[in-house]
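Here is a friendly note to read alongside the model. Keep the structure open beside you and look up each residue as it comes up.

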Amino acid sequence: MFRWAVICLVISLIAGGLGLTGVSVFAKRPVADLLRAVFLGFLVLVGFAYLVSSAVVHSEVVPALVAISV
């Protein structure tokens, strides 16, 4: 993911240097929005995993599941 961000940054810088502002904007804006959405989605999933793991640890279901599986 970081590699794609760097590639788009280089494309944007080259296009901006050559005066192709449309290409420069296209290389920056949608890709930045996509990477931001992926990152925020990752943070949401990590937070959800943390909440679920703390709920399972403090639950009475785990000993019952262990007793059933043995």
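The points below go from the whole chain down to single residues.

1. **Ground rules.** This is a predicted model, in which local features need pLDDT of at least 70, side-chain atom pairs count only at pLDDT 80 or more, and totals for chains, interfaces and linings use all residues. Residues are numbered from 1 along each chain as its sequence is written, and side-chain values use heavy atoms, with hydrogens and water left out.

2. **Confidence.** The mean pLDDT (the predictor's confidence in each residue, from 0 to 100) is 77 for the protein chain, and 77% of the residues reach at least 70. Helix α2 (residues 21-57) has the highest confidence, with a mean of 81, while helix α3 (residues 61-69) has the lowest, at 61.

3. **Overall fold.** How many helices and strands does the protein chain have? There are three helices and zero strands, giving the pattern α-α-α along the sequence. Helices (H or I, at least four residues) and strands (E, at least two) are DSSP runs, numbered from the N terminus.

4. **Surface.** Of the 70 residues in the protein chain, 9% are buried. Buried means under 20% relative accessible area, exposed means over 50%, and partly exposed is in between (1.4 Å probe, protein chains only). The accessible surface is about 5,900 Å², and carbon and sulfur atoms account for 80% of that. Areas come from the Shrake-Rupley method with a 1.4 Å probe; for residues, only the protein chains shown count as cover.

5. **S12.** Is S12 buried or exposed? S12, part of helix α1 (residues 2-17), counts as buried because its relative accessibility is 4%. Leaving aside residues up to four places away in sequence, S12 is in contact (heavy atoms within 4.5 Å) with S24, A27 and K28.

6. **The nonpolar patch.** Ten names to find: F2, W4, V6, I7, V10, I11, I14, L18, L20 and V23 form a nonpolar surface patch of about 980 Å². Helix α1 contributes the most, with seven residues. One of the patch members is V6, which sits in helix α1 and is partly exposed at 35% relative accessible area. Patches take residues with over 30% relative accessible area and no salt bridge, joining like charges within 9 Å and nonpolar side chains (Val, Leu, Ile, Met, Phe, Trp, Tyr) within 5 Å.

7. **The salt bridge.** The whole structure has one salt bridge, a side-chain nitrogen of Lys or Arg within 4 Å of a carboxyl oxygen of Asp or Glu. D33 and R36 form this pair, at 2.8 Å from N to O. Side chains of opposite charge can pair when their charged atoms come close. D33 and R36 are about one helical turn apart because three residues separate their positions in helix α2. D33 is partly exposed at 31%, and R36 is partly exposed at 47%.
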